[in-house]
Amino acid sequence: MWCLTLRGFAPSDYVTDDYGDTWYDVFADDVICLADAKGIGRFGYIGASHGAGVGWHLTLCHPKRIQALADRKS
């Protein structure tokens, strides 16, 4: 199990780029980069708050990688 902190949220690095309406796609791509680095093909994803939005973007942008999705909007 891995816990990923999204860009711009402590303790992650500060972000100066403005991705406009594509932030969630950038976050989803970051999750895929972590999975690739760890050699993980398909995986389950759990997200809360902003992480829940990332989960939905994962299923939209990378549907073949997501085995299961659980989310909670707070």
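Residues are numbered from 1 along each chain as its sequence is written, and side-chain values use heavy atoms, with hydrogens and water left out. Because the model is predicted, local features need pLDDT of at least 70 and side-chain atom pairs count only at pLDDT 80 or more, whereas totals for chains, interfaces and linings use all residues.

**The nonpolar core**

Begin by selecting L6, F27, A28, V31, I32, A35, F43, Y45, V54, L58 and I66, the 11 residues of the largest nonpolar core. Such a core is a set of buried Ala, Val, Leu, Ile, Met, Phe, Trp, Tyr and Cys residues joined through side-chain atoms within 4.5 Å. Buried means under 20% relative accessible area, exposed means over 50%, and partly exposed lies in between (1.4 Å probe, protein chains only).

Next, colour α1 (23–37), β1 (43–48) and α2 (50–61), the elements that give two or more residues to this core. Helices (H or I, at least four residues) and strands (E, at least two) are DSSP runs, numbered from the N terminus. The largest share of the core, five residues, comes from α1.

Setting aside residues up to four places away in sequence, I66 touches R42, F43, L58 and T59; contact here means heavy atoms within 4.5 Å.

**The two helices**

Display α1 and α2 together. Their axes come within 8 Å and cross at roughly 75°. Axes are lines fitted to C-alpha atoms, for helices over the stretch in contact, and angles run from 0 to 180 degrees between N-to-C directions. The two helices, α1 and α2, are therefore roughly perpendicular to each other. On this scale, angles under 35 degrees count as roughly parallel, over 145 as roughly antiparallel, 65 to 115 as roughly perpendicular and the rest as oblique.

To view the contact itself, select Y24, D25, F27, A28, V31 and I32 on α1, which meet H50, G53, V54, H57, L58 and C61 on α2. The residues of this contact divide into eight nonpolar, three polar and one charged. In this classification Ala, Val, Leu, Ile, Met, Phe, Trp, Tyr, Cys and Pro count as nonpolar, Asp, Glu, Lys and Arg as charged, and the others, Gly among them, as polar.

**The loop between α2 and β2**

Move to R65, in the loop between α2 and β2 (66–72). R65 is buried, with a relative accessible area of 18%. A polar atom of the R65 side chain lies 2.6 Å from the backbone oxygen of G41. Apart from neighbours within four places in sequence, R65 is in contact with I32, A35, D36, I40, G41, R42 and F43.

Beyond residues up to four places away in sequence, H62 touches A28, D29, I32 and H57.

Select G44 in strand β1. G44 is exposed, at 52% relative accessible area, and touches Q67 and A68, residues up to four places away in sequence not being counted. A distance drawn between the C-alpha atoms of G44 and A28, 16 residues apart along the chain, reads 13 Å.

Continue to S49, in the loop between β1 and α2. Its phi is near 55°, a positive value in a residue other than glycine. At 32% relative accessibility, S49 counts as partly exposed.

Within helix α2, select W56, which is partly exposed at 49% relative accessibility. W56 touches L69 and D71, again not counting residues up to four places away in sequence. Its C-alpha atom is 22 Å from that of G39, 17 residues away in sequence.

**The segment before α1**

F9 is in the segment before α1 and is partly exposed, with a relative accessible area of 35%. Leaving out neighbours within four places in sequence, F9 is in contact with F27 and H50.

S12 also lies in the segment before α1 and is partly exposed at 29%. With neighbours within four places in sequence left aside, S12 is in contact with T5, L6 and R7.

Key
Polar contact = N/O pair within 3.5 Å; in protein donor to acceptor, adjacent residues only side chain to side chain.
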